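Let's take a walk through a protein fold, strand by strand and helix by helix. Have a look at the picture before reading on.

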Amino acid sequence: MFIIGELINGMYSNIALALKDRDKKIVQTCALEQIASGADALDLSCGPASKNPLIDMPWLVEVIQEVTDKPLCLDSGKPKVIEEGLKVAKNKTIINSTTADVEKLEILIPLAKKYRSKLIGITISAKGIPQNKDQRLELAATILTHTGEQGFPIEDLYLDPIVMPINVAQGQIRDILEVLLEFKMISQPPPKTIIGLSNISQGAKARSLINRTFLSMAVASGLDSAILNPKDKELMDALITAELILNKNIYCDSYLEAYRKK
Amino acid sequence: METQLVLEKWQGVISTVIIGAKKEEGGSRSDTVKIGGQITMPLLFKEGATPNKPRIAFEISDIAPFDFDEELIATYGKAVNDPFAWADICVNEYKAGLLCLKMQGTHPDFGNKSPESAAKFISALLSKVKVPLIIIGSGDDAKDNLIMPACSEAARGERCLIGCAVQDNYKTLVASVLADGHSIIAESPIDINIAKQLNILISDMGLSLERIVINPTIGALGYGLEYAYSIMERARLAALSGDKTLASPFICFVAQEAWKTKEAKASSQQGIIWETLTATSLIQSGADLLVMRHPKAGQNVSNYIEALFKG
């Protein structure tokens with residue numbers, strides 16, 4: 001499982017403050033703590049409070065590159081903000097994200113190609129959030145068609161079925177799990193799959209429990225990558241155990257420790 | 001049309017373990033033996049590097065062995081009663097690059113030698129024989145916990161390979177090996193889960209994973225060799241996929257299993273064949289170190305290794 005740490009986000013007060021005061025220590029500590037907890041890459045988002053994300057995003061990229069060479073996942077709804085981050089990135093990058101809208105695909109796929117970045121494609125469009133599996137598959141097909149036409153390597157594409165909060169769209173969660181497997185069948189080689197995990201428990205009370213239960217189920221559905229909080233130890237333990245049960249690692253009594261020794 | 005080879009690219013690497021220390025490294029061995037270091041499954045030379053060949057260690061014992069076949073006793077003659085003469089034959093006549101010494105005489109039922117006399121024996125052997133040494137306890141846990149620290153200390157700095165640590169009895173041995181600069185053999189009963197667990201337990205005590213050699217426990221040809229084979233193969237696949245806790249070279253105690261079989265006991269020629277074939281099969285499943293007894297079997301396997309590695 002490719003784990004992308006979600007904690008560098010202007011939505012969180014410590015990061016908002018760090019952006020405001022240009023306090024790189026806070027950001028760097030947050031980056032290193034997530035890596036120590038098992039993150040393979042870091043999501044960077046300036047958040048809604050950022051007054052000038054065009055300056056904040058490259059600043060985040062630069063200060064984090066001072067302490068790690070892990071891939072950076074540039075998270076913004078605005079392609080220009082992503083491009084400002086890509087311009088200064090020395091680490092590998094992942095664009096987070098394009099929707100299935102043609103206007104977005106036509107900007108972000110060339111951008112991903114130009115900067116040799118991976119790309120997350122979310123199965124939503126200007127028409128709104130899909131309500132069922134078929135709509136998700138249709139949007140996935142749109143994204144795949146465009147990446148194919150533009151010669152973008154499928155193995156660098158991550159499809160996100162857009163996870164809905166359990167207290168908003170309980171009826172859709174099973175569809176989301178099933179579509180993770182079906183995404184794999186719509187092209188050869190298959191695209192990778194990704195979810196933004198924390199969405200599932202947005203507004204719920206037992207967040208960590210819901211997150212880890214859903215993640216285990218998604219892993220069983222062949223999920224390749226997740227944006228999550230790697231500092232949630234129980235979540236990481238559940239993930240390691242789910243992968244163990246799927247025979248991805250060899251069992252031993254100290255399998256949690258063994259995984260972390262990797 | 002030329003056949004297209006399907007080549008894997010692995011991310012893991014098997015640890016390189018060095019046995020023996022020369023003078024400039026703080027020991028007194030004439031040479032060192034390196035095992036492991038592969039980045040591919042066994043013998044797939046086109047796929048990735050296999051920097052070190054499998055090596056043969058000749059087995060000797062501090063007392064006349066009780067479990068040696070008549071053929072073996074006849075081969076070594078009176079030397080089996082004199083470990084120094086025995087070691088000398090192995091090194092000078094049979095060109096052993098490595099000796100595996102079993103401290104059988106320390107066992108409560110087979111002489112019950114004291115730690116002091118065991119240590120004295122190790123010192124004497126090290127001064128007479130210059131090849132790197134593997135030292136194995138008698139298999140009696142309680143006695144080994146007294147004997148092995150003394151043997152380890154007597155061989156301090158010689159970078160021996162010392163065994164065997166098992167899941168229920170590893171702490172004393174690990175502490176000694178750590179203190180005296182040796183490497184350790186971690187033994188598991190044909191069980192990959194225990195092999196992995198034991199490696200973690202050992203490394204948790206501060207001995208790095210790079211100083212562990214796995215004894216997967218084997219069966220001879222016809223006596224469960226395929227179980228060991230599949231365990232070794234599975235461990236290697238996991239190691240090459242990045243599982244550092246299983247990325248240790250393997251030592252296989254070939255002779256003690258091969259000569260136990262009724263086929264080996266039936267005729268001396270068959271015994272030699274059994275020892276040879278058990279060893280060559282294990283080389284194909286990834287064995288790095290083969291503990292052997294009969295010089296003819298040793299020669300056969302040595303020829304086999306040379307032929308394989310000629311490319």
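Two strands count as paired if DSSP finds at least two bridges between them. Helices (H or I, at least four residues) and strands (E, at least two) are DSSP runs, numbered from the N terminus. This is a predicted model, where local features need pLDDT of at least 70, side-chain atom pairs count only at pLDDT 80 or more, and totals for chains, interfaces and linings use all residues. Residues are numbered from 1 along each chain as its sequence is written, chains are lettered from A and ligands numbered from 1 in the order in which they are written, and side-chain values use heavy atoms, with hydrogens and water left out.

**The sheet**

Chain B has an open sheet of eight strands, in the order β8-β7-β6-β5-β4-β3-β10-β9, with parallel pairing. At its edges are β8 (212-215) and β9 (251-253) of chain B; each has a single partner strand, so one side of each lacks a neighbour in the sheet. On average, neighbouring strands here are turned by 25° against each other, direction ignored. Inside the sheet, β4 (residues 99-102) of chain B pairs with β5 (residues 133-136) of chain B over four bridges, in the parallel sense. One of the partners in β5(B) is I136(B), bridged to K102(B).

Helix α11 (residues 295-309) of chain B packs on this sheet and touches β3 (55-61) and β10 (289-292) of chain B. Contact here means heavy atoms within 4.5 Å.

**Two helix pairs**

Axes are lines fitted to C-alpha atoms, for helices over the stretch in contact, and angles run from 0 to 180 degrees between N-to-C directions.

| Helix pair | Angle | Axis distance |
|---|---|---|
| α7(B) and α10(B) | about 25° | 9 Å |
| α3(B) and α4(B) | about 30° | 8 Å |

The angle makes α3(B) roughly parallel to α4(B), a term for angles under 35 degrees. Among the residues in their contact are I122(B) and L126(B) of α3(B), and L146(B) and I147(B) of α4(B).

In the other pair, L225(B), Y229(B) and M232(B) of α7(B) meet T278(B), S281(B), L282(B) and Q284(B) of α10(B).

Note on methods:
Parallel < 35°, antiparallel > 145°, perpendicular 65-115°, else oblique.
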